[in-house]
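Colleague: I'm new to reading protein models, and I'd like to learn how to go through one feature by feature. Could you walk me through this one?

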Amino acid sequence: MEENHVSSIMGWFRQRFGKQRNDSDQVKPCKCSQTCSPGHSNTSSSVCSSSSSSSSLKSSISAKPSASDQPLPSVLSSPFRSSLRYDVFVCHNDEDSDLAQSLASFLEAPSNGLRCYLQERDCPAGGAVSTELLQAVQDSHCWLLLVTPNFVKDDWCSYQMHQVLSEGPMSQRIIPAVVNMPRSQLPLELRFLFTVDLSTNKEFGYTLVYKTVLQYLKDMSEKKKPSSAAQSVG
């Protein structure tokens, strides 16, 4: 009789507390990849909301285009620009090669897209230097003269400068980029031309050179476009 009574009490305990444990096992934590239901606690909802917002923010940041993804100016696709092989012929003294290469790297960066001629890089081996340089001058839209104390003492730089001046005297195509040179010490042929100062802020000077080349290409592309009157006659 007593054993039956004890068994009855133990059965009641198992039924009572076993049910509570089963109910608690059915409650699962909120997964951030799922939408929180009203039955979840406020803390779980906050965690889900915060994680979702963080994921959205990361996605928006990663989707932001970089500078190299920006489209190039439309003038770089113009027929006039394609008519010559180079955009900029860079004339410099051998002692200033590092500065010339730094400037060319900036202009040729994917985000800028210009084509530069550097003698030490682009002159073919075995070719006559004077002939190759003259061809490069004629095959370039603009000519950049990297005027330094070394430049003004170099007869070869003087020769290239006069080749450039003979091709386009007093034109927008000539860009003297000056380093540590007062105007009074510039070659006489360049003293009355607009110059770009690279002495204090190279990055600003590089950007100014880039904008000058683009402006020339834009102006000439507009001039080379057939007029509407000519198109209607055709």
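Modeller: Helices (H or I, at least four residues) and strands (E, at least two) are DSSP runs, numbered from the N terminus. In helix α6 (residues 129-138), the buried residues are Leu-133, Ala-136 and Val-137. They sit on the same side of α6, because they cover an arc of only 100° around the axis; that arc is taken from the directions from the helix axis to the C-beta atoms.

Colleague: Is this an experimental or a predicted model, and how are residues numbered?

Modeller: This is a predicted model, where local features need pLDDT of at least 70 and side-chain atom pairs count only at pLDDT 80 or more, while totals for chains, interfaces and linings use all residues. Numbering runs from 1 along each chain as its sequence is written, and side-chain values use heavy atoms, with hydrogens and water left out.

Colleague: What does the pLDDT average for the chain?

Modeller: pLDDT is the predictor's confidence in each residue, from 0 to 100. The chain averages 79, and 67% of the residues score at least 70. Over residues 30-41 the pLDDT is below 50.

Colleague: Back to α6: which elements do its buried residues pack against?

Modeller: For packing, look at contacts, meaning heavy atoms within 4.5 Å. The buried residues of α6 pack against β1, β2, α5 (119-122), β3 and α8 (155-167).

Colleague: How do I describe the way α6 and α8 cross?

Modeller: Two packed helices are described by the angle between their axes and the distance between the axes. Axes are lines fitted to C-alpha atoms, for helices over the stretch in contact, and angles run from 0 to 180 degrees between N-to-C directions. Here the axes of α6 and α8 come within 10 Å and cross at roughly 40°. Residues that meet include Leu-133 and Val-137 from α6, and Tyr-159 and Val-164 from α8.

Colleague: And which residues touch the most other members of the largest nonpolar core?

Modeller: A nonpolar core is a set of buried Ala, Val, Leu, Ile, Met, Phe, Trp, Tyr and Cys residues joined through side-chain atoms within 4.5 Å. The largest one here has 30 residues, and Val-88, Leu-107, Leu-114, Leu-144, Leu-146 and Val-213 touch the most other members. Helix α9 gives the most to this core, with eight residues. Apart from it lies another core, of 22 residues, among them Cys-91 and Leu-193.

Colleague: What does Leu-217 touch?

Modeller: Leu-217 is found in helix α9, and it's buried, with a relative accessible area of 0%. Leaving aside neighbours within four places in sequence, Leu-217 is in contact with Val-75, Leu-76, Phe-80, Arg-81, Asp-87 and His-141. Leu-217 and Arg-81 are 136 residues apart in sequence, yet 6.5 Å apart in space, C-alpha to C-alpha.

Colleague: Last one: what is the phi of Asn-180?

Modeller: Most residues other than glycine have a negative phi. Asn-180 has a positive phi of about 55° although it is not a glycine. Asn-180 lies in the loop between β4 and β5 (196-197), and it's exposed, with a relative accessible area of 56%.

Terms used
Buried < 20%, exposed > 50% of the residue type's maximum accessible area, 1.4 Å probe, protein only.
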